[in-house]
Amino acid sequence: MTARALLPDLPAYSTLKDQAAKLQFASLEDLFNADSNRANTFNASAAGLQLDYSKHLLNASALSSLLQLAEQAGIPQSIERLFSGAHVNNTEDRPALHTLLRASSGDGQEARFQEVCSARERMQIMAQRLYRGEHTGYSGATITDVINIGIGGSDLGPRLVTQALKPFHGNVQCHYVSNVDPADLLDTLETLNPATTAFIICSKSFRTEETLANGLAARNWMLNAGATTADLDKHFLAVTTNLQAAQDFGISAANCLPMWDWVGGRYSVWSAVGLSCAIAVGWDRFAEFLAGAEAMDQHFRHTDAKSNLPILMSLLEVWYCSFFGASNHVVLPYDHSLQRFPDFLQQLTMESNGKRVSADGRQLDYATAPVLWGSAGTMGQHSFHQLLHQGTLLCPVDFILPLNTHTDAEQQHRILVANCLAQSRTLMVGRSLEDATKALTERGLGDDEAARLAPHLVMPGNRPSSMITMQSLTPHSLGALLALYEHRTYCSGLIWRINSFDQWGVELGKEISTDILARLEGTECGNAMDAATERLINLFKDAQQ
């Protein structure tokens with residue numbers, strides 16, 4: 001591929017460095033006071049989501065320069081390349097057409113779209129049979145529980161969506177197992193009845209070590225309960241391309257749904273990997289989920305950068321990571337149903353952009369993806385928010401807030417909303433030494449004691465945050481939210497000049513694990529290890545005596 005100018009070589013880069021230096025110690029309150037319309041100006045909406053980015057160390061001039069950076073990085077052209085099926089995953093020579101999975105038309109990708117539609121139709125039939133209680137197991141009893149066995153994108157996406165859409169669940173309970181630690185599967189099976197339990201094994205190759213180990217254990221559980229090998233087809237579905245391996249396991253081709261190499265695992269919840277989600281909420285709700293993502297896709301593809309939510313969020317990420325030295329990014333959903341959202345985003349962002357070389361193989365001497373972490377509010381307020389307010393790290397924050405609750409506990413929801421807005425404001429305004437001293441004296445402390453303690457109450461403020469709101473958490477708004485972060489991640493990768501769609505960094509650990517496993521099993525000597533690893537191998541072997 002043709003080498004592109006790296007980030008520091010883009011014309012806007014030096015200007016942004018100067019602007020960041022000036023804004024590093026800016027007062028957010030002063031920025032609001034200088035612009036009475038700031039809250040409206042630094043605001044954008046799409047697909048039922050609203051982004052308020054007014055509480056950022058940003059002014060009109062810096063925003064203009066960031067938008068120029070996006071143009072110079074070729075983001076508008078690269079967006080079109082993504083949707084048109086160009087091989088944006090250049091190291092694997094593939095397109096990244098996850099948007100086609102939620103599209104309502106082929107738009108130039110008719111052959112692939114027909115494959116998607118065919119898989120969708122089969123997926124709908126399977127999902128509806130289980131959702132309606134029409135699928136029975138080996139004893140004739142109706143299936144009431146479904147366990148999705150996968151790992152990475154085959155687990156994090158469907159697990160998040162199923163949990164987030166709990167208010168829309170039907171009668172079938174969906175569970176998730178991903179860890180090869182046997183406790184994960186055994187704890188899940190403990191209260192379930194084999195006669196009323198079905199499994200979905202999600203593995204493109206049907207050889208993923210953790211998934212296959214759990215699948216075989218589930219198969220044995222079913223056979224030990226009285227099912228025959230001929231009965232397995234009533235209890236096992238698969239999402240895979242390896243039909244022969246699935247058949248050898250006991251799953252017929254009729255019970256297998258496809259995966260495609262032009263869809264990365266972390267983008268696969270929109271595909272048949274989302275089967276468990278469709279079973280949990282029913283097909284109509286799952287279709288709304290797809291529609292929400294498609295609405296965000298259309299916004300991303302056709303909206304100018306200055307009003308484009310994914311582009312704006314990407315520019316904010318690059319702004320802090322590349323110009324302020326922020327190595328962390330925090331996501332705080334103020335909705336208990338979204339407690340798994342930071343977990344999902346960790347794979348999406350860090351597997352996509354945790355790279356040290358450019359898409360054309362040049363080693364980079366600048367930071368790319370920050371570490372992403374977070375938790376559902378208000379739990380984090382009583383743990384890591386201390387660091388956000390008074391720590392030495394700069395940690396930009398995304399607050400995510402549904403404005404309405406699915407529960408009847410409206411007062412508790414008001415408390416939740418008040419806490420969310422309070423945390424956002426506290427990050428911005430902080431507390432001065434003077435205000436801290438005054439607060440202590442008002443509590444009855446003497447002047448000397450107040451002066452001694454006041455520095456411990458000081459909060460510097462001017463900590464940046466975004467607020468993403470929606471009327472309520474629905475299948476449509478959830479789909480839009482996930483697609484928003486997908487596209488934001490792609491745009492950040494474009495600016496950092498990396499390929500966001502490969503993940504070569506996961507390969508070596510798998511290879512070494514295979515070699516160590518052979519050593520642990522005593523089936524072969526394997527390659528020599530470092531002294532520490534050799535000691536640990538022997539420690540494990542001794543413990544098994």
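A: A salt bridge joins the side chains of Glu449 and Arg452, with 2.7 Å from N to O; the term requires a side-chain nitrogen of Lys or Arg within 4 Å of a carboxyl oxygen of Asp or Glu. Because Glu449 and Arg452 are three residues apart in helix H18 (residues 447-457), about one helical turn separates them. Helices (H or I, at least four residues) and strands (E, at least two) are DSSP runs, numbered from the N terminus. Glu449 has 32% relative accessibility and so counts as partly exposed; buried means under 20% relative accessible area, exposed over 50% and partly exposed in between (1.4 Å probe, protein chains only).

This is a predicted model, in which local features need pLDDT of at least 70 and side-chain atom pairs count only at pLDDT 80 or more, while totals for chains, interfaces and linings use all residues. Residues are numbered from 1 along each chain as its sequence is written, and side-chain values use heavy atoms, with hydrogens and water left out.

The structure holds 14 salt bridges. In general, side chains of opposite charge can pair when their charged atoms come close. One of these bridges joins Arg94 to Glu92, where the closest N and O atoms are 3.8 Å apart. Arg94 is partly exposed, with a relative accessible area of 25%, and Glu92 is likewise classed as partly exposed, at 22%.

Another salt bridge is formed by Asp107 and Arg301, whose closest N and O atoms are 2.4 Å apart. This pair connects distant parts of the chain: Asp107 belongs to the loop between H5 and H6 and Arg301 to helix H12, 194 residues apart. Asp107 is partly exposed, with a relative accessible area of 46%, whereas Arg301 is buried, at 17%. Glu80 joins Asp107 and Arg301 in a network of salt bridges.

Helix H5 (residues 75-84) and helix H12 (residues 283-302) have axes that come within 9 Å and cross at roughly 140 degrees, which makes H5 oblique to H12. Axes are lines fitted to C-alpha atoms, for helices over the stretch in contact, and angles run from 0 to 180 degrees between N-to-C directions. Angles under 35 degrees count as roughly parallel, over 145 as roughly antiparallel, 65 to 115 as roughly perpendicular, and the rest as oblique. Ile79, Glu80, Leu82 and Phe83 of H5 meet Asp297, Phe300 and Arg301 of H12, where contact means heavy atoms within 4.5 Å.

Arg102 lies in the loop between H5 and helix H6 (110-131). With a relative accessible area of 2%, Arg102 is buried. Leaving aside neighbours within four places in sequence, the contacts of Arg102 include Arg120, Trp270, Glu294, Asp297, Glu486 and His487. The C-alpha atoms of Arg102 and Arg120 are separated by 9.9 Å, the two residues being 18 apart along the chain.

Arg219 is found in helix H9 (residues 209-224). Arg219 is buried but has no salt bridge, and the nearest side chain of opposite charge, Asp248, is 9.3 Å away; here Lys and Arg count as positive and Asp and Glu as negative, while His and the chain ends are not counted. Apart from neighbours within four places in sequence, Arg219 touches Thr229, Leu232, Phe236 and Phe249.

One of these contacts, Phe236, is also the bridge partner of Phe199 in S6. Strand S5 (residues 197-202) and strand S6 (residues 236-239) run parallel and are joined by four bridges. H9 packs on the sheet, where it touches S3, S4, S5 and S6, and its direction makes about 160 degrees with that of S5. The sheet is open and has five strands in the order S4-S3-S5-S6-S7, with parallel pairing; two strands pair if DSSP finds at least two bridges between them. At its edges stand strand S4 (173-177) and strand S7 (256-257), each of which pairs on one side only. Helix H7 (residues 153-164) also lies across strand S3 (145-149), S4 and S5, at about 150 degrees to S4.
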